[in-house]
Structure formats: C-alpha cells, structure tokens
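Hi everyone, thanks for making time this morning. I'd like to walk you through one model, starting with charged pairs and ending with the sheet.

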Amino acid sequence: MPKYRIAVLPGDGVGKEVVAATRIVLDKLAVDAEYVYGDIGWEFWCREGNALPDRTIKLLKETDVCLFGAITSKPKEEAAAELAPELRGKGLSYFSPIVRLRQEFDLYSNLRPCKAYPGNPLNYRDNIDLVIFRENTEGMYAGVEFFPMPQAVKDALSVHPKMKAFKDVPLDEIALSTRIMTKKGCERIVRAAFEYARKHKRRSVTIVEKPNVLRETGGLMLSVFRKAAKDYPDIQAKDANIDAMCMWLVKNPHDYDVLVAENLFGDIISDLAAQLVGGLGFAAAGNIGDRYGVFEPTHGSAPKYAGLYKVNPLATFLAAKLMLEWLGETEKAAALEGAIAAIIKDGKVRTYDMGGASTSLEMGRAVAAKL
Ligand code: IPM
Ligand code: MG
C-alpha cells in the first residue's frame, strides 16, 4: 500500500491544467502516494447547488493531505443566476468552497512564502524572501454577514453608541459583514508564525493590523502578539498598520521577513507580496491545521485562459513542494524546489507571464527533467 493518500481537487478553469502539469512533476519524484481525485468548483454549484459536495468532504477525511487547483467564485446574484433552473429560488447561496474547506477542516494557518528566485524576469527586486502567515478561519472572512439586516441584529447592535448614525436606515438598505476574532484564533496564528521563524532561523516577525482604528479586533490581535513575542526573545517582533505596510513592502521589501495577519489583511498583503516575486504564477499557499493540510496555488481559475494550457504552473509546483514538506518528505521537497529554481534560472522554458510561449505542460516536463 502506498504511504500516502493524496486528495487532488483540480477544480475548474485553469485549475485542471496546472494540476495536470503538477502530476508530471510528482510522478517523476515518485512520491509513494495514491492520488484520489474529487469534485469541487463552479460546475458543481451550477449542477448540484453545492460547489463543495459532501462526497468531497468525505473523500478529504479519508486522505492525508490535499492538493487543490483553482475554482471560480462569483458574487451572490451572478452565482444565483447560473444555477440549474430546478435549483433556483430555493434559497441556495454560494459560499467560496476554499474558504469553506479552510473552516470545516480548521486549517487555521495560511502559509504563503514569497521568494524571488534568481533569474525570474518578473522579480520586482532580487533577494526578496517573505513568508506570510494569514489567519484562515475567522476575522473578516468568518462569513457572518447580513443583508437585509434582521431586526434582532439591529436591536442587538444598538447597544453601541455609534449605531445611532444608522438608526433610521431601513433594514433592507443596510448590509453587515462582521470581523470576528477570538483570542484562540489570534494566538494560534501568531504562534505558528513565531514557531516557523524560530525553526527556519528567521530574523523577525511583523504583525500587520490596524489597531488604531479597529480598536477591539486589532487591539486583541496586537496584545496577543506582544505577549507571545516574549516567548521568542531571539526573534525581533515588529508591528505595522496594514495601509502603511502596503507602502513599506513596495519601498523596502528587504526589511521584512515573516509577516502575520488576520484573514482579510493577510489576503491583501499576500497578493502584494506575490507581485514582488513575479505575481500569482509564483504564489503558493498551504492551508494548514493541526491534522490536515490543503495546498494550492493562490491564483484563481482564470476562466479566460481555460483550455489554453498557458498559465504558469510554477505556483502549483511550489504548492506541491509545501505539501511534501508538510508530509515530512523534506528531501523530495528540496529537490523539487531546486528543479524549479534551475528552470527559472536557465530561462529557456517560460510561460507567457514570463515573456515566453511555453505551455503549462511543457513547464511540467522541463521541471521533471531536472529531477
Ligand atoms: C486567496 C483567494 C481566496 C481568498 C478567494 C478565492 C476566496 O483570494 O486564497 O487568497 O480570498 O481567500
Ligand atoms: Mg487572495
């Protein structure tokens, strides 16, 4: 029996293509694994009213880890309009399946390394090497939202003096998205960042928040961070506001090392940091909990490129590298990263984003040939 059962969820759009390219690489690495494919994504929303069917959740529970491609997500009205006619008007609402997966499996750390590989023509600067820890289960993406606002919610909120400003707004003209943060949620992401920093001999951990305005949620995160920092005297603890951080990351990316942030803020700085090292074609993520991990490229399904096999699959290869590390296959992970770095440095095989014309599968074969 193979050592690992790896769930593979290609998703839709270019997700299928980048995952197919990644299989070429994983097969060459001869990972001792059985790959089991599952359903997720837009077609299952349209056909079944559920982009993450129960059978897929079950499948994941029977595997060690998951490699995920990409899925299309659309705003509420557009999603409802694409449902199969017999499913319309039943109150089904679309919720991003990757966000749901993160919550259902309690994958609280979203690990996003952003490294400028030498020779990448898209590097904003050389030698950038950032690692982001994004809280992945709560905060602004907890999913507790209302529109129209129920009267009971409005009544409950009116204990807050600032609700006076909204007292005359009709219920169907007021929307609410909550930012729910718990001490436990803050603590575990902050500690994951410090532990990573210690293990990988990183210099500093920076908390990215906005406690001067978001006084309660931001304040909680900052105080938890400062307290945890005391247990890691060997690592410099810094704090920055999200808005200023977006400037500093562009101006002085080398001043930063490990960054930690709440869900929405982490989402934002992840894309910014990804662009510093070549854009979404190089951005991989590990959604990691205490028992399970889902590894993915952070780009979307790019419907306009679907079927063209032109999207850069390196982000998915880097996701596979994170997956192998998480499984404890450190040698294979290092070999894979070495092969990726070599292909980038050689500069002969390049996808369109890098100024070349190689296909996703050609990139897969080129990286496999280096292994
Ligand atoms: C990401 C993506 C997702 C997110 C979307 C697709 C829901 O932007 O992984 O960063 O916001 O978490
Ligand atoms: Mg994002």
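Let me begin with a term: I call something a salt bridge when a side-chain nitrogen of Lys or Arg lies within 4 Å of a carboxyl oxygen of Asp or Glu. Before I use it, some housekeeping. This is a predicted model, where local features need pLDDT of at least 70, side-chain atom pairs count only at pLDDT 80 or more, and totals for chains, interfaces and linings use all residues. Residues are numbered from 1 along each chain as its sequence is written, chains are lettered from A and ligands numbered from 1 in the order in which they are written, and side-chain values use heavy atoms, with hydrogens and water left out.

So, how many salt bridges does a search of the whole structure find? The count comes to 27.

Staying with salt bridges, shared partners join Lys115, Lys321, Glu325 and Glu337 into one network.

Now back to helix 5, residues 97-104, which also holds Glu104 and Arg100, four residues apart, about one turn of the helix. They form a salt bridge too, with the closest N and O atoms 3.2 Å apart. Glu104 is partly exposed, at 44% relative accessibility. Helix 5 is largely enclosed by the rest of the structure, because six of its eight residues are buried. Those are Pro97, Ile98, Val99, Arg100, Leu101 and Arg102. After the helix comes Asp106, with a positive phi near 50°.

One more pair: Glu43 and Lys16 form a salt bridge, their closest N and O atoms being 3.4 Å apart. Glu43 belongs to helix 2 (residues 42-48) and Lys16 to helix 1 (residues 15-29), 27 residues apart. Glu43 is partly exposed at 34%, as is Lys16 at 42%.

On to the sheet. Which order do its ten strands take? The sheet is open, with mixed pairing, and reads 2-1-3-12-11-4-5-10-8-9; strands count as paired if DSSP finds at least two bridges between them. At the edges, strand 2 (33-37) and strand 9 (236-241) each pair on one side only. From one strand to the next, the twist averages 20°. Angles here run from 0 to 180 degrees between N-to-C directions, with axes fitted to C-alpha atoms, for helices over the stretch in contact.

Strand 8 (residues 204-209) and strand 10 (residues 258-261) pair in the parallel sense over four bridges, and Val205 stands opposite Val258 in strand 10. Helix 3 (residues 54-61) packs on the sheet, touching strand 1 (4-11), strand 2 and strand 3 (65-70), where contact means heavy atoms within 4.5 Å. The direction of helix 3 makes about 150° with that of strand 1.

Thanks, and I'm happy to take questions!

Notes: Helix = DSSP H or I, 4+ residues; strand = E, 2+ residues; numbered from the N terminus. Buried < 20%, exposed > 50% of the residue type's maximum accessible area, 1.4 Å probe, protein only.
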